[in-house]
Every structure is written in C-alpha cells, then in structure tokens.
Amino acid sequence: MMESISIFDMLKIGIGPSSSHTLGPWRAAERWIAELRSASLFDEVVGIKVHMYGSLSLTGKGHATDYAVMLGLSGTDPVEIPVKDIHALVTKIQKTHILNFGNGLPVPFNPDSDILFHKKFLEFHANGLQFEATLKSGKTKKNTYYSIGGGFVVVKERKNAKRNIATFDSFPFPIQKGTELLAYCEKENKSISEIVLENERSLRTDPEINEKLRHVWDTMLECMYIGCHTQGKLPGGLNVTRRAYDLNKNLLGDSSTYDSPQTWLTTIRNTEVKFRQILKWVSCFALAVNEVNASLGRVVTAPTNGSAGVIPAVLMYYLVIENHETGFEEIKKFLFVAGEIGSIFKKGATISAAMGGCQAEIGVSSAMAAGALTELLGGTPDQVLMAAEIAMEHHLGLTCDPIGGLVQIPCIERNSMGAIKAINAAELALGSDPKDAKVPLDKVVETMWNTAKDMSSKYKETSEGGLAIGINMSDC
Ligand code: SF4
C-alpha cells in the first residue's frame with residue numbers, strides 16, 4: 001500500500017524544543033498509557049522506568065525529553081496544555097517523587113533514577129525509548145517506541161516500518177514522488193494545492209479542514225507575536241539572548257501601536273520595506289518562533305520543531321510584504337503545498353535529524369516553504385517543485401551539531417537562513433523554465449537520503465561533533 005500522509009501530520013501543534021525529542025516521546029508516553037488501558041493493565045502499575053537510547057539519550061536533556069515523558073506520562077496533551085503549567089507540573093514531580101500516571105493513578109517516580117539515559121543505539125532507529133511498568137503482581141511490562149522525526153512515533157521493529165506509518169488508502173491522488181504529483185496536476189488541470197485539498201477531503205469535511213488550518217495558522221502567528229514581544233535569555237545554560245524582540249522594536253519604531261497578533265500584522269504592512277528591512281523582518285519572524293520553541297513554548301512542527309520558524313516566516317513575508325490583499329485562502333494554499341512537499345521528503349528520505357542531520361530539518365522546511373511561496377506567487381506546479389528542489393539542493397549535507405544538546409545554536413539562526421534561501425529559491429524557479437532543470441525534485445530527495453546514510457553519526461543530533469564539541473558550554 002502506498003503511504004499517504006495528511007498535511008496535518010506534517011504540521012502538528014506541539015510544545016518545543018524538539019519534535020523528535022520532545023513531541024515524539026510525549027506522544028509515545030500517551031500511546032503507552034492507551035495500550036496499558038486497553039490491555040487492562042493500567043490500574044496494575046506500581047512503578048515506572050523510562051529508558052532512552054541513542055540520540056534521545058545523548059541530546060535528550062538539552063531537548064527536554066525528560067520533561068516530555070513526564071508530561072506525557074501525566075496524561076497531558078501537547079496541543080492543549082497551557083504553556084505556563086509545564087514547569088510547575090514537572091517541578092512537582094521532581095520535588096514529591098510522585099507522578100500522577102495518566103492523570104489518575106499516583107505512582108512513585110524519581111526522575112533522577114527512573115529516567116535512564118543509555119548511550120547504546122537501538123538497531124531500528126537512532127531515537128529509541130522504552131517504557132517499563134512494574135505491576136502489582138511483581139511482573140514487568142515493557143514497550144519500545146521510536147520517535148522517527150516530526151512527532152511521528154512507531155512501535156514495531158519491522159523492516160519497512162518507516163514506510164508504513166500513518167497510512168490511508170482512501171486518497172484519490174496517492175502520491176509518493178514529485179513526478180506523480182505533477183502527473184495528477186496535469187491530468188486534472190489542477191494546482192498542487194487543489195490536488196492536496198482533494199486528498200484531505202477524503203479524511204475530513206471542508207469545515208473541519210478550515211478549522212484545523214485556522215488553528216495551525218493562528219498558532220504560527222501567535223508564536224511569532226510572542227517571540228517578538230519577549231525579552232531576556234533563553235533557558236538551558238547557554239545564555240543565549242533573545243533577538244526577535246529588539247529586531248521587531250527597531251523595525252517598527254517607537255510610534256507604532258497595536259494590541260494583538262492581527263493588528264501587529266497590519267502594522268508591519270505599513271512599514272517601509274527595502275531589501276535590508278525585508279531580510280530583517282524575515283529573520284525576525286524565524287528567530288521569534290525558534291526562541292519560543294527553545295523556551296518550551298507552543299509552536300507548529302513544520303516539519304520539525306527545530307525548523308519550525310522557516311514556514312511561518314516565509315508565509316508572513318508573503319502576507320506583510322508581497323501581497324497586502326491576501327487572507328485565509330492564500331494561507332490555506334500555502335500550507336497545503338508546504339505539507340505535501342514535506343510528505344514527499346518524509347516518504348523518500350527522512351525528516352529526522354538523528355537519521356539525516358540538519359538537511360532533514362532546515363533543508364526540508366526550506367524546500368516546503370519555497371514550493372508553497374512559488375504557488376502563491378503564480379508559479380506552475382513544475383516551478384513549485386523546482387523551487388523545492390533548489391532549496392534542498394543548497395542544504396545537502398547540512399550537519400546537526402547543537403551546542404550543549406540545546407535547540408538554540410546553530411538552530412535558531414539557521415531558521416532565518418532557511419527562510420531566506422526559500423524566498424530566493426522561489427524567485428529562481430519563477431524566473432526559470434523547469435524544462436531546463438538538470439536536477440528534478442525526486443533526485444534531490446534520493447540524494448539527500450543517500451547523503452544521510454553516508455553522514456557520520458557525530459553529525460546526526462548526537463552533539464558529538466561540529467559546533468557541539470568546538471564550543472564549550474562554560475565559555476557561553
Ligand atoms: S542543528 Fe538543525 S537539525 Fe539539529 S537540532 Fe538544530 S535545527 Fe534541528
């Protein structure tokens with residue numbers, strides 16, 4: 001069966017700082033609770049241990065994986081939980097050594113001794129974690145999960161598990177590759193966003209699709225707004241200063257007045273935007289999102305949390321700089337195209353930095369944004385794919401080496417670079433004849449995957465190479 005992925009699986013709402021190391025483990029904990037309940041074992045649990053493996057172990061503390069599993073085991077949901085409650089809930093567990101399992105069963109739990117970080121890598125995927133319950137009978141029940149990037153979680157070590165997740169066989173236009181997407185566009189005489197909409201309609205009604213897309217966009221806009229209006233240092237010990245606040249303030253000047261994300265957007269539309277201001281605004285939007293992400297705020301995984309700033313920054317660029325007359329219809333189109341391009345990378349390669357380095361995160365988000373912007377700027381479907389290809393082509397081989405295991409350096413700035421490259425890729429594609437392109441999208445997807453396989457594990461979210469060992473935390 002061909003793998004089909006909804007755009008809402010590519011654009012999930014969650015909590016920072018990492019989709020693979022925070023959102024995925026959180027979802028895995030929720031899934032384990034559901035499985036214990038369905039096996040009538042939930043009420044039998046008297047003790048819990050969590051085992052982290054591979055990249056989850058090596059960068060888990062910096063990526064708040066320990067927080068995520070405690071929040072998931074406590075029965076909270078990453079879409080719903082008020083951000084202000086997160087720290088208090090975790091602190092309570094740390095102080096009392098009691099975890100309210102599944103929000104209903106108090107269980108002894110000491111994070112220092114019950115969360116175990118093993119350096120070993122499990123065979124199937126670099127991000128493995130195992131939950132172990134001690135039952136009243138004295139027996140133990142263990143379940144292993146893999147967080148394979150973008151908040152996706154799989155359970156079984158079957159050989160082709162990577163290719164068989166989140167499947168729906170009801171899509172009218174099943175798409176695995178760029179060439180198939182283009183063929184549907186040509187045959188049906190539809191744009192890429194129209195094809196994607198038809199697929200989504202096989203899963204949800206139009207009002208449901210609109211409601212979910214509004215929620216995604218509102219979360220992106222609010223995230224940029226919060227990031228642009230929060231000062232100070234980021235948590236984690238690197239002493240990174242938030243920069244979106246000053247950028248926004250300096251770009252708007254002292255006289256601007258607004259009191260909500262929407263009026264802020266309108267205010268930006270009225271500012272002067274020469275080339276330098278455009279660069280600064282796009283960077284500001286991207287930095288804002290990833291500063292919120294780094295401080296365990298709410299973001300849209302797009303396709304991951306580490307790269308969550310690229311897509312909102314490019315969409316915001318379109319809304320506030322390119323076209324002031326636009327609204328929700330254009331936002332929908334943008335998100336449809338971005339989601340579809342992301343799913344092509346996920347099917348043909350990976351969106352996990354632990355498997356492919358940062359090309360799988362910032363590279364994919366830049367390709368998603370480039371393609372989506374190209375459709376909004378009037379590009380043909382093959383120009384859309386050409387833009388996505390150009391954006392990825394110039395991220396091939398990009399390593400993942402976060403200092404201190406924190407999603408801050410190089411991650412936050414890297415989002416602004418990915419966003420600017422996306423805009424440039426769109427303009428290059430719009431000014432080109434795709435027939436002249438030497439590298440089709442499907443070839444760059446394949447190349448990215450081959451590059452990922454060749455890459456040393458030092459550069460795949462382990463913090464064992466690159467900047468992560470070149471810069472000491474104590475120097476920061
Ligand atoms: S370096 Fe890139 S892939 Fe690695 S954590 Fe940062 S944003 Fe994610």
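Let's start with Ile98: its bridge partner in strand 4 is Pro108. Strands here are DSSP E runs of at least two residues, numbered from the N terminus, and two of them pair if DSSP finds at least two bridges between them. Strand 3 (residues 98–101) and strand 4 (residues 105–108) run antiparallel, joined by four bridges. Three residues sit between the strands of this hairpin, where Gly102 has a positive phi near 55 degrees.

A quick word on the model: it is predicted, so local features need pLDDT of at least 70 and side-chain atom pairs pLDDT 80 or more, while totals for chains, interfaces and linings use all residues. Numbering runs from 1 along each chain as its sequence is written, and side-chain values use heavy atoms, with hydrogens and water left out.

Buried means under 20% relative accessible area, with a 1.4 Å probe and protein chains only.

Now, the cavities. These are sets of points on a 1 Å grid over the protein atoms alone where a 1.4 Å probe fits but cannot get out, and lining residues have an atom within 4 Å of a point.

Where does the largest cavity lie? Domain 1 (7–154) and domain 2 (178–475) both contribute lining residues, so it lies between them; the bounds come from an automatic or database domain assignment. Among its 18 lining residues, Cys400 is one of those nearest the centre, and Cys400 counts as buried because its relative accessibility is 10%.

Terms used: On a 1 Å grid over the protein atoms alone, a cavity is a set of points where a 1.4 Å probe fits but cannot get out, and a pocket is an open set with protein on both sides within 12 Å along at least five of seven lines; lining residues have an atom within 4 Å of a point. Buried means under 20% relative accessible area, exposed over 50%, partly exposed in between (1.4 Å probe, protein chains only).
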